[in-house]
There are 2 protein chains.
Amino acid sequence: MSSSNSNLDMFFKPKTVAVVGVSSQTRKFGHVIFKNFMESNINAKIYPVNPKIDEILGYKCYKSILDIPEPLDLVIIAISRKAVLKVMEECAQKKVRGVIIIAGGFSEIGSDGKKLEDQILKIGSENNIRIIGPNVIGIYDPYYGVDTLFLPRYRLMRPKRGKISFISQSGAFGSALLDFAASQGVGISKYVSIGNAIDVDVIDVLEYLESDENTNCIMVYIEGLRTKKEKTNDFYNVIKRISLKKPIIILKGGLTEQGQKAAASHTGSISSQIDILKAVFKQTNVIQAEDALQLFDMARMLSSSHFPTGRRIAIITNAGGFGVLTTDQLVKQGFDLTTLSKETVEFLKSKMPSEVIISNPTDLIGDSDTERYKLALNKILEDKNVDIVILIILLSLSFVESDIIDVIHAARIKYKKPIVVCTIGGQFTQMMVKMMEENEIPTFPNPKRTVNAVKALIHYAEYCIGREEVCYPLDH
Amino acid sequence: MSSSNSNLDMFFKPKTVAVVGVSSQTRKFGHVIFKNFMESNINAKIYPVNPKIDEILGYKCYKSILDIPEPLDLVIIAISRKAVLKVMEECAQKKVRGVIIIAGGFSEIGSDGKKLEDQILKIGSENNIRIIGPNVIGIYDPYYGVDTLFLPRYRLMRPKRGKISFISQSGAFGSALLDFAASQGVGISKYVSIGNAIDVDVIDVLEYLESDENTNCIMVYIEGLRTKKEKTNDFYNVIKRISLKKPIIILKGGLTEQGQKAAASHTGSISSQIDILKAVFKQTNVIQAEDALQLFDMARMLSSSHFPTGRRIAIITNAGGFGVLTTDQLVKQGFDLTTLSKETVEFLKSKMPSEVIISNPTDLIGDSDTERYKLALNKILEDKNVDIVILIILLSLSFVESDIIDVIHAARIKYKKPIVVCTIGGQFTQMMVKMMEENEIPTFPNPKRTVNAVKALIHYAEYCIGREEVCYPLDH
């Protein structure tokens, strides 16, 4: 937990970067990674390395990192595992500060691979080189421009800048979620896939993110505690400390015995630590997600919402059915609907057509336009009986246009209360949802996911703001 | 339950259709609906009616339906409620067989509206006119071409032809799900929004769909039993009979007391019938969905999958993490993973790279291409220990291309065992998912939804095929 341990600037803010294994074959990992750096806005010098070629994509190609005429902060090793050791030795000689080793075929496939890992780690420790990997996707950081995702953008989209950081023990799962986030208009601060984690582990990255000003929420996919550091009390202490500053949402793979077995064969992690982890989750303020989409939902919610000062929820809808289903979900998950004040009800009744139902849910009915939403949303947010508004807007059958986004945006700023949108539909709706996400308005496709996210928000807010501590069955 | 009751051909297969209230204002419901008929491939004569104009969209416009020179099967009344009664009287005079009344403002807003409904129904009953509505979206049928959805296609997409029919008591919710289905490449047979259901109700439509050759699965959104017929034993008998022929998946809005109240204010339905409905669900083979997306997921699954002859599940993945999470979900929901036969394991081990894990889950690892999937999928489907395959394909970080769809398609035909795909990602993945759906390969974005759908399939198959009846906690 020394401060040097958590300084990972060589990975996230390198001034000089070499990519070893840049091929002229455009599908090879090294080629894609080098191109990522070229195309990013990175404020760093970048060097391609490949003994067999002289020039690539207009850059002079170096035969070895030893030939590069200045010190290197970061070396990305994108060659097959057999050749890694030699490059590590060159890194030691060159006094490189950090390396990312992409190749797989190490401890996850047996004792020979483990031996190789030990040799690599020994060179790293003795020469003060921090290592991410091996068997890793690496890093994506749209702020500074580090991008070691080795698939092209058409295949694996890159999210815009945002406030959510994401640590994943599974590279493929993490990348798929990143790709999905990008398609939904959700921004990311830092993505780190830590692979076999022979050096940099979940704790290191959490501590780095603790003070990262671009991160206000951290999602973690974890299968087990792998490193020595992770297996000590550090894990508990670090999570407990950080989760009071920034919400940490964890999805744990292998919570059942059979899932655990699958995790063991997949990553070599001994997951007999289910009970330890469960205790950590229980005793800290960590929010536990129960599946991939919930991890993503909770992170969107917690990274972009105001915190509620209570749990009194009002629903506004233009679709009665969705109002009913959302009410059902709220009740099922232990919430009551608030009662709007008389003043709110009387005011809105005086302004609205007689068919509109001013109650909770307030049903603006199918022919509602943006103006009707604006009136209801503002008045209901103003109501002292209301802490949170769930705004259901089914667009397929309505006259609501994109100006609804301005209305929500303005109301958030004015009332500083959480507003959560629930909507589902085809291409028009999906375009609007993306626009909402780009305006950091958390949006969910059905009542269940909406209520799950609201619940996580209330849970976290109540814990942090020092209000009455309530234990929700988040993992039911 | 007479056969005449369930013959709704005047709505679904009309030879002559009039739309009353076709306006020259392009956003008016009547205009949009008439245009839908013009643009559909309907094999019927269509007539616009509006006393104030002579021609619309190149069609002669009639002042009244009485001026139309031939008998009418179907009249769509798209005018305000005050004018409906007069048109109903004309329909009686004209001996029209069916009407759809779009306007709201009837029993759902009070006793005046209820009176109007009674008058309309009286005319209908006395003159043998079947009525859908009022307060209704109506019908969408891509086979014959009936389309009364009154929003344009850019806003509310129309699904292609498929095998799922959908009855909804909430028009807005139903239309949003229809729009969503279209965007996902999922086909629909018939969509019916029954609104206030003064005549045609859920039972009538169910009985019509029972013998509809284009429907093999029925989803229903229901808030309460509304009509006299629905409140009798008929509901139980009809559902029990039909659900043995075609799966019926029901989402019930208002399962909690507060949700029930919301439903009552929204539709005027007295939902004190929760207990009756719960008993109906329990005693029939109805599949109960717990939210909107689950309704959609289960319908996709049951309408397009082979039925399993057992519940032994194998997982194939290219992403260890998703394999672990899917295992967790299966175990949580009461399933065991099957054990692959020795022969399968040995055969695949001899053909695959050493890093691949042949087990359950079988992890083809990140660099798997379509060829590796083909080999594993076919061999595992051939295995006598396997009834169902969950195929996890994360595309963002892989070399799998669209030829995977051909592989799955061929394997389904060859082995006649259910294959369910689980994948999530950005635009590339979403395009592939749409292509899979267009090939009727059910696809889900996360382990939880995948397992939920598999569970519904197993439940239905076990009930129907006369195997050991097992009661699953589908509504937990």
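**Exercise 1: A residue with positive phi**

Ala197(B) is buried, as 26 other C-beta atoms lie within 10 Å. The term buried requires 20 or more other C-beta atoms within 10 Å of a residue's own, exposed means 12 or fewer, and partly exposed lies in between, with C-beta atoms placed from the backbone. This is a predicted model, in which local features need pLDDT of at least 70, side-chain atom pairs count only at pLDDT 80 or more, and totals for chains, interfaces and linings use all residues. Residues are numbered from 1 along each chain as its sequence is written, while chains are lettered from A and ligands numbered from 1 in the order in which they are written.

Task: Describe the backbone and the location of Ala197(B).

Solution. Step one: the phi of Ala197(B) is positive, about 55°, although the residue is not a glycine. Step two: Ala197(B) is found in the loop between β11 (191–193) and α6 (202–210) of chain B. Helices (H or I, at least four residues) and strands (E, at least two) are DSSP runs, numbered from the N terminus.

**Exercise 2: A second such residue**

Task: Determine whether Lys95(B) is buried or exposed.

Solution. Step one: Lys95(B), also not a glycine, has a positive phi of about 55°. Step two: its loop runs between α3 (84–94) and β6 (98–101) of chain B. Step three: Lys95(B) counts as exposed because it has 11 C-beta neighbours inside 10 Å.

**Exercise 3: Cis peptide bonds**

Task: State the form of the peptide bond from Asn360(B) to Pro361(B).

Solution. Step one: this bond in chain B is cis, with omega near 0°. Step two: Pro361(B) lies in the loop between α12 (342–351) and β16 (362–363) of chain B. Step three: in chain A, a cis peptide bond joins Asn360(A) and Pro361(A), with omega about 5°.

**Exercise 4: The two chains together**

Task: Identify the relation between chain B and chain A.

Solution. Step two: that is the relation of a two-fold axis. Step three: the contact takes 69 residues from chain B and 69 residues from chain A, where two residues are in contact if their C-beta atoms, placed from the backbone, lie within 7 Å.

Notes:
Copies are superposed by least squares on the C-alpha atoms of residues with pLDDT of at least 70 in both.
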